[in-house]
Amino acid sequence: MTSTSNVSPRPANAPPTLREWLREGPFAIGMSSGFFGFFAHAGVMTVLEDEGLAPARVAGSSAGALVGGLWAAGLDAAAIRDELLRLRREDFWDPRPGLGLLAGALFRARLQALLPVRSFDQCRAPLAVSVYDVRARGTRVLECGPLAPAIQASCTVPGLFHPVWLEGRPLLDGGILDRPGLAGMPEGTRLFYHHLAARSPWRRRQSPALAVPERQGMTALVIASLPRVGPFRLPEGARAFEIARRAAREALGRPVEGREVRVLGSS
């Protein structure tokens, strides 16, 4: 944990730094979808852990559900980082005929082997995962039951993976309608939100879904210029992680003015 013994007192009217804001009381964390943006989410989580800043509640979609779910299940951020940096395309690449290129069986098996617990109620912090219910054509929030299929469903990018069937319902990527991943976050929660600014492959450039949401009690971290990572660009994941880690460290010292702290990521 970072020592504050040599830090000068903040002037009475000055806004708090992000670090000070996070230390003011319990906070929840929300993490957005963004294709293979889980490398950047992991970079942010490592900084929070280094600072002793553990969220009291977690919510996310897709990439955010993956990192948030692994952390809530009991993996520390360093273990999540190591797992992601070991990832190779053959670890999840299982093409099969169906409504998507990949069956998702390898992904499910990897999740099940990695998760320290099996269900939501065993997590160390309350977790809410957004998924897209194909039949209902809307977002569904999963907060109980088996953990691995819920996380997998939230990461089921349409066209890339077959839908995940859970409780007789076909489910897809939670970011389809809930890109911020905040549908399961109670209103009024003191919230730190990591917003992936990169455009998803199926989003138009000016899509409202790409904007930072407005929400009472929320401070958002936006890191610009993160590299695009994907199944055929996995080596960029290490660079995305490191850029996000450095940017999050820098952001902690920035004043919280308005609803977001924006940092220009650099290699």
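Analyst: Of the 267 residues in the protein chain, 54% are buried, where buried means under 20% relative accessible area, exposed over 50% and partly exposed in between (1.4 Å probe, protein chains only). The model is a predicted one, in which local features need pLDDT of at least 70 and side-chain atom pairs count only at pLDDT 80 or more, while totals for chains, interfaces and linings use all residues. Residues are numbered from 1 along each chain as its sequence is written, and side-chain values use heavy atoms, with hydrogens and water left out.

The protein chain contains 7 helices and 9 strands; these are DSSP runs numbered from the N terminus, helices being H or I with at least four residues and strands E with at least two. Its radius of gyration is 18 Å, close to the 18 Å that the globule rule gives for 267 residues, so the chain is as compact as a globular protein of that length. That radius is taken over C-alpha atoms, and the rule is 2.2 Å times the number of residues to the power 0.38. The C-alpha trace spans about 60 × 40 × 35 Å along its principal axes.

The cysteine in question is Cys-155, in the loop between helix H6 (147–154) and strand E5 (164–166). Cys-155 counts as buried, at 9% relative accessibility. Helix H6 is largely enclosed by the rest of the structure, because 8 of its 8 residues are buried; among them are Leu-147, Ile-151 and Ser-154.

Not counting residues up to four places away in sequence, Cys-155 touches Ser-62, Leu-66, Phe-107, Phe-161 and Asp-173, a contact being heavy atoms within 4.5 Å. For the protein chain, residues 24 or more positions apart account for 73% of the contacts with a separation of 6 or more.

Helix H2 (residues 38–50) and helix H3 (residues 63–72) pack at an angle of about 35 degrees, with their axes 8 Å apart; axes are lines fitted to C-alpha atoms over the stretch in contact, and angles run from 0 to 180 degrees between N-to-C directions. Phe-38, His-41, Ala-42, Met-45 and Glu-49 of H2 meet Ala-63, Gly-64, Leu-66, Val-67 and Trp-71 of H3.
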